[in-house]
Amino acid sequence: MNILNSFVLLFAAAGAYGTALMFGTMGEILTEKSGNLNLGVEGIMYMGGIFGLIAPNLYESAVGEGNANPFVAILLAIIAAFAVGALAGALFSFITVTLRANQNVTGLAMTTFGTGVAKFAGELRRLKVGGYVTLSNRLKFAFDKHIMPDFLKKIPVIGKILFDQSEFFYLAIIVAILLHLFLTKTKTGLYLRAVGESPVTADAAGIDITKYKYLATIVGGGISAIGGMVYTMTTAGCVWIEASLAGTGWLAVALVIFCTWRPLKSTWSSVLFGALMIMYLRIIIKGFPIELYKILPYVVTIIVLVITSMRNIRDKQPPASLGVNYFREDR
Amino acid sequence: MKEKNKTPLIRLAKRVKTDMMSPRKVWAIRIGSIVFAFILGMIPIIMAGQNPFQSYGIIISGALSKPGYIRQTVKRAIPLLGVALAIAPCFKMKFWNIGAEGQITMGAIFASAIAIWFQNSLPAFPLLMLMMLAGILGGAIWAFIPGFFKAKYNTNETLFTLMMNYIAIGIVRWLQGGPWEGRPGTQIIPMFSDKARLPNVFGIYCGWIIVLVLVVVVHIYMNYTKHGYEVAVIGDSENTARYAGMNVGWIMMRTMLLSGSICGIVGWMLVSGANGTLNADVAGGVGFTAITVAWLSQLNSFAMIIIASMLAIIGKGSATLQTKLGVPASVADIVSGILLFCMLGCEFFINYKLIFRKKSDKEVHA
Amino acid sequence: MKKLAVVLLVALIAMTAVFAAGGSEAPAATAAKTTKIGFVVINDESDQGYTWNFTNGMNAAIEKLKAEGYNVELLTKKNTTESAICKDNNIELAEEGCEIIFNNSYGFEPYMLEAAKEYPNVKFVGMTNCAGQVDDNPNTFNAFAAIYEARYVAGIAAGMKLQQEINEGKIKPEEAVMGYVGAFSFAEVISGMSGFYLGARSVCPSVTMKVYFVGTWGDATLEEAAANALIDEGCKLISQHSDTTSPALAAQKAGVYHVGYNTDMTKVAPNASLLSSRIDWSRYFYEFIKNHIDGKENPSDWAGTYAEGDVKVTDLNTAIAAPGTQEAMDKAIAAFHAGTLHVFDLDTFTINGQKGTNETMYDSFAAVQGNATYDGYFHESELQSAPYFVGVIDGITWLNVAY
């Protein structure tokens, strides 16, 4: 097999895990743009992962295996994941924005809480159905349907990477484009960025800081949670295994840095990170241990973080107020 | 407020020194928040079909009612307390070091290296001491790197230290499956010989004595030394510190070195005491949980003992609850999470006061 | 601040008192003596594979014991990791009064042995591992089963399918390539995959096999990635020695065939999965617990076999299997029962072009060392239950290694 082909196949395969990362990352980008550093992404993606499975599972057992509509099941999964992520975002905002608690600590508490809730819910549902929670094959395959027509998949090189992917991949791309347009082209997006960059100025200009922080964090949490759902419903094959999702949320936090807070960049960088995670199975470098491949995403992220801060490139910095709460009285 | 009619109905004001809440009220709020958290924590237990009072009873008795239980609970509390102490100086300085997980792991790696290389040639005491020093070195190096870049280039330390965690854990995975592996393919580094293991005192490895000593040391360092004072000044305002002629960059690096060193000590205790060998789960999330311990204790060393014990009790007790009643052990994470949220949130009611607008436009203090 | 400490402490003690009172309301233990059995497992049943299979075996054993009037209670610690947590979980169960504690993952054993030292009256069983039987503690045990025999039978089903494709002209003989998703490159996996390959080659002479080692036991993402990588390498059939069903899903999506492990995966991948090999642990659990209660000795090491029904294959997916598969498998199974079929028959394979020798096949890291190469075949699982065959058979290509 030639090397180009290896890379094509690698990136095509990375699309699946990359899609989960994309949602996780985009959600956190939106959150961080408001100046909220929500380190609870891991917990939020965990919750999205289990509730995105439980919702269609409940639906299917309610209407009967044969009667379940795949479209409804997918919609329910998205809604359930988004809802739980949004709730977590609201909770985070309430504690950090309204009650003004430290964001780092609240985020970490959210991770503890979220993973706990997810594992708990998974176990309870598992005990209820006996054995393990899953969907019928018909629905399962609907969740991982490669929807693009064959002639597109057959285009050399890009066909396999861009068009041999599940429906969620394209949904993620659409969300990325919308997010990009929102942040760069709309007035609301501009205001949101102002809130993240300089809440003092934004406040003086009459922007409702609280409202923006809340909304961005809620929607961001929802989007991140969809990433967890995508993981469970595609890569993991509609089964909940507590340990497999571990670390994905943190990888998303890393990706936000790597793609320097840009939704469009998050698309290909998520796939790149997905590729780095499985590269050891495709591109074998003799004498380079497989475990060290798996730390590459983090090493690359640090390099990006250091270089951007050394060069002090303004448009590649974190939002200036990231992680810092805004108290009007402290002005 | 320029225009009277724009005065909001409720407005907030930060309490200043002159109108601080009375200590009794403060503690009433804090304890109230804990009680409130435990009431909320009943929800998952009820969902699991169990009586919450009986369940809480099992959690407490499962953590404290037998010597064997207490030993396990203390074992859980040791690293939590140790790492909370490590983090305190950084957080005081508003340097958000969330890389304790990696610093523990690095300390564990370095300590293990000494154990693996010298356990057959050195007597127990020098071996253990050398392991400790190596652990300190490992933790310190891992903390210094992000500290250096923060001081020099203002690189975001939260994100930097976070990434460092996963690199350290990845290195352990490599060691576990490579250079230090026992039987190839097993991913197991053989247990250290007894010489490289911390002795037990009252049935628990002696790490508990070490962390209690650290409690006092850190308390003195933070409150009665020049270093501690400098850290506090930087925490209040970096600019003030600069005007006062402090070398902020160096103090940051120095504090990170200290923080990493203590994490390294914990890493050493975990491999030498709790685990008996090195594995990728050696830190096992302690580095993250300890951050919440430190913060909720308001960075007070003695309060950390209480908070760390509370989380250890919930953790150990929930394990017993799972064994006895089959309630998923993850209930510990939920209850801990709720507890953290409530305690984080309650500080607001201590530090701020609500001011209600009255019809007469006179302000009433609530 | 010190006040905070004092007040919190008082509150805590008060709460202890209140809740401890609540706790004592718990129903008292039943009058008849119950034998508590502990079970420390990796993941939980949701893996649909490894632990699911263990749990089913355990539940069957417990039910059978209860039906026979034995008063037993099972306490399980799930999602245990291979770290100090494992030791804690063993201690936890010992403290709860368990008389036997089974550990189901290879990596648990070192931690289990630590706990075993502290609780000499409790029996600890390290399943799939081999150190307990040779250490100084009489209260530690090991068990494993000759899964390579079941994999050999499953290999026959795989070989039949590929031979059918060759005969029908769908693939050329040299395109009969199988892919194997292995966890780590050590004896347990090597022994199993070699058995699988030899089974396939016994009915499809041109078959070859490629192996990727994922470097983890139960990570759905990476197992799927490995399966996909193998499919991209041209493999027409995927088999696995890893804990989740994601390789089966990958095979189903890519339209290739699949042979599973631990559990029937035909439901997960109806168009791909032919059958699975599995260990049936119920006899071991049943006998061990029964012997213990009856005051009889248990063997310090136990190796289940095909002939005794401890390893087996799941029902063949007849909708997609090649005709005659069941008959071919039955022939091999009958030979196992008769003791005439030996998987590692030295005449059926070579290592580097040479006949296998004890040096090239015996794992020098196994707890028990000795000569297993005599009478014309390699005697796997006889010197100890945990596998020790590590020969690299010609025809199997290792694409990477994961130690």
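Which residue is the bridge partner of C:F102 in β4(C)? It is C:V125. Before going on, a caution: this is a predicted model.

Now look at β4(C), residues 123-127. Buried or exposed? Five of its five residues are buried. C:K123, C:V125 and C:M127 point one way. C:F124 and C:G126 point the other way, and they are buried as well.

What pairs with β4(C)? Take β3(C), residues 98-103: the two strands pair in the parallel sense over four bridges. There, C:I101 stands opposite C:F124. Then take β5(C), residues 140-145, which runs parallel to β4(C) and is joined to it by four bridges. In β5(C), C:N142 is the bridge partner of C:G126. β3(C), helix α4 of chain C (residues 109-118) and β4(C) make a right-handed β-α-β unit.

Next, the other sheet in chain C. Seven strands form an open sheet, in the order β12-β10-β9-β8-β6-β7-β15, and here the pairing is mixed. β12, residues 311-313, and β15, residues 396-398, stand at the edges. Each has a single partner strand, so one side of each is left without a neighbour in the sheet. From one strand to the next, the twist averages 20°.

Follow β6(C), residues 177-182. It runs parallel to β8(C), residues 237-241, and five bridges join the two. C:G179 has C:I238 as its bridge partner in β8(C). β6(C) also runs parallel to β7(C), residues 208-213, with six bridges joining them. In β7(C), C:V211 is the bridge partner of C:Y180. How does the chain get from β6(C) to β7(C)? It crosses through helix α6 of chain C, residues 187-201, and this β-α-β crossover is right-handed. Further along, β7(C) pairs with β15(C) in the parallel sense over three bridges. C:K210 stands opposite C:T397 in β15(C).

On to chain B, and two helices. First α4(B), residues 67-92. At 1.5 Å a residue, its 26 residues should span 38 Å. The end C-alpha atoms are 36 Å apart, which agrees. Where is the kink in α4(B)? A kink of about 25° lies at B:A86, shortly before the proline B:P89. As for cover, 21 of the 26 residues are buried, so α4(B) is largely enclosed by the rest of the structure. Just after this helix, B:K94 takes a positive phi of about 60°.

Just after α13(B), B:G326 takes a positive phi of about 75°.

Chain B also touches chain A. The contact involves 41 residues of chain A and 44 residues of chain B. On the chain A side, α4 (103-129), α12 (248-258), α14 (290-293) and α15 (296-311) each supply at least two residues. Which of them gives the most? α4(A) does, with 15 residues.

Last stop: one glycine in chain A. A:G49 is found in helix α2 of chain A, residues 41-63. Why does A:G49 count as buried? Because it has 34 C-beta neighbours inside 10 Å, and the cut-off is 20 or more. Leaving aside neighbours within four places in sequence, its contacts include A:A118, A:G228 and A:L245. A:G49 and A:V239 are 190 residues apart in sequence, yet 9.6 Å apart in space, C-alpha to C-alpha.

Technical notes: Residues are numbered from 1 along each chain as its sequence is written. Chains are lettered from A and ligands numbered from 1 in the order in which they are written. This is a predicted model: local features need pLDDT of at least 70, side-chain atom pairs count only at pLDDT 80 or more; totals for chains, interfaces and linings use all residues. Two strands pair if DSSP finds at least two bridges between them. Axes are lines fitted to C-alpha atoms, for helices over the stretch in contact, and angles run from 0 to 180 degrees between N-to-C directions. A residue is buried if 20 or more other C-beta atoms lie within 10 Å of its own, exposed if 12 or fewer, and partly exposed in between; C-beta atoms are placed from the backbone. A crossover is right-handed if, with the strands pointing away from the viewer, the path from the first strand over the helix to the second runs clockwise. The expected span of a helix is 1.5 Å times one less than its number of residues. The bend at a residue is the angle between axes fitted to the seven residues ending there and the seven starting there. Two residues are in contact if their C-beta atoms, placed from the backbone, lie within 7 Å.
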